[in-house]
Amino acid sequence: MTIYPDFYKDFQCKADKCQHTCCAGWEIDIDEKTAGKYQTLPGALGDTIRENIIAVADTWQFRLRGENRCPFLRGDGLCELIRRADESILCDICANHPRFFVTVSDYELAGVGLSCEKSCELLLADTAPLALLTEKGEQLTLKGLLQQLVLPVSDEDLCYQTGLTTEDAAFVLDCMQKTEPIDAAWTSQLAQLWDVQIAADGEVPQVFDRIYQYILYRALEHVPAHGLGAVLSYAQLNTDYIYLSEQLTGQLDESIRRWSEQIEYSTENVKLLLESLA
């Protein structure tokens, strides 16, 4: 059975209206089936694609241009491949991003990654607790899902724990400093966060429960390897980081998106944090 967050159905790429394109900044692997199709695609489009892909180890990738931009990313933010053909021309990662599908026990958990600004908009559009849907359209709470997965949690476990202290913040930032930085801007902001003044009695917006719950939902695939306790702590620590970043920048959506680029989309950084919290 596949489970989705209730806003999953509303996801639609912003295309040229997106301020942070997913077509630049990282390597773009081409799945084997699509790579085979590209090798035999006839005509000018096939020739152009073959000129702009390269074999790296056992994987085909697009030959990136300056600022690690996909060669088919147009100046107006649209995809040249889609403009010249249609979405069926895309490789799997381009067609599916930022959607994710992971298997946990007998369930497939689906969602959208938060490095995408549209995903952040959908998550923050409501302050209610995270709501889930089955593939049949049946409603399910996060606690209900965890019960079906035989993962014992309390109501407190499903809420972001407020009251962050200076010592707590130092622990969070120390953990984050051990991760591999995505870019110089991340490192620079991390240094600035040490000077953020923490108001112990400061009011935390209700939406932080929802952010915490979504990070927890996204990380459930790691319970078998690292344990439920580590995954709960992982969700708390990352939500703490997002809270600190928002205190510095005043931009909650961008704080979430940048965190996702650094942590959610780095297998190595996720593993490092989980191992440090186990």
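Reply: Two strands count as a pair when DSSP finds at least two bridges between them. With that rule, turn to the sheet. The model is predicted.

The sheet is open and has 3 strands. Their order is E2-E4-E3, and the pairing is antiparallel. Strand E2 covers residues 29–30, and strand E3 covers 53–56. Both stand at the edges. Each has a single partner strand, so one side of each lacks a neighbour in the sheet.

Now the E3 and E4 pair. Strand E4 covers residues 59–62. It runs antiparallel to E3, and 4 bridges join the two. Pairing needs at least two bridges, so these 4 meet the rule. Ile54 has Gln61 in E4 as its bridge partner. Val56 has Thr59 in E4. The two strands form a hairpin, with 2 residues between them. Ala57 is in that turn, and its phi is positive, at about 60°.

What does E4 reach beyond the sheet? Phe62, in strand E4, links to Tyr38 in helix H1 (residues 32–40). The two lie 24 residues apart, so this pair links distant parts of the chain. Their rings form a tilted aromatic pair. The centres are 6.2 Å apart, and the planes make an angle of 55°. Both partners are buried. Tyr38 has 0% relative accessibility, and Phe62 has 4%. The cut-off for buried is under 20%.

Other rings come next. The whole structure holds 9 aromatic pairs. Ring pairs also join Phe7, Tyr214 and Tyr217 into a cluster. A charge sits over a ring elsewhere: Arg218 lies over the face of Phe100, 3.8 Å from the ring centre.

The structure holds 1 cavity of 30 Å³ or more. The largest cavity has about 50 Å³ of space. Its lining includes Tyr160, Tyr243, Leu164, Ile198 and Val204. Gly163, Ala199 and Gly202 also line it, as does Thr162.

Last, the cysteines. The structure holds 0 disulfides. Cys22 is in none, and its nearest cysteine sulfur, that of Cys23, is 4.3 Å away. A disulfide needs sulfurs within 2.5 Å. Cys22 is partly exposed, at 34% relative accessible area. Cys116 is buried, at 14%.

How values were computed: Residues numbered from 1 in each chain as written. Predicted model: local features only at pLDDT ≥ 70, side-chain atom pairs only at ≥ 80, totals over all residues. Heavy atoms only, no water. Buried < 20%, exposed > 50% of the residue type's maximum accessible area, 1.4 Å probe, protein only. Phe/Tyr/Trp six-rings, centres within 6.5 Å; stacked < 30°, edge-to-face > 60°. Lys NZ or Arg CZ within 6 Å of the ring centre and 35° of its normal. 1 Å grid on protein atoms, 1.4 Å probe; cavity = no way out; pocket = protein on both sides within 12 Å on 5 of 7 lines; lining within 4 Å. Points joined across faces, edges and corners; volume = space filled by probe spheres on them.
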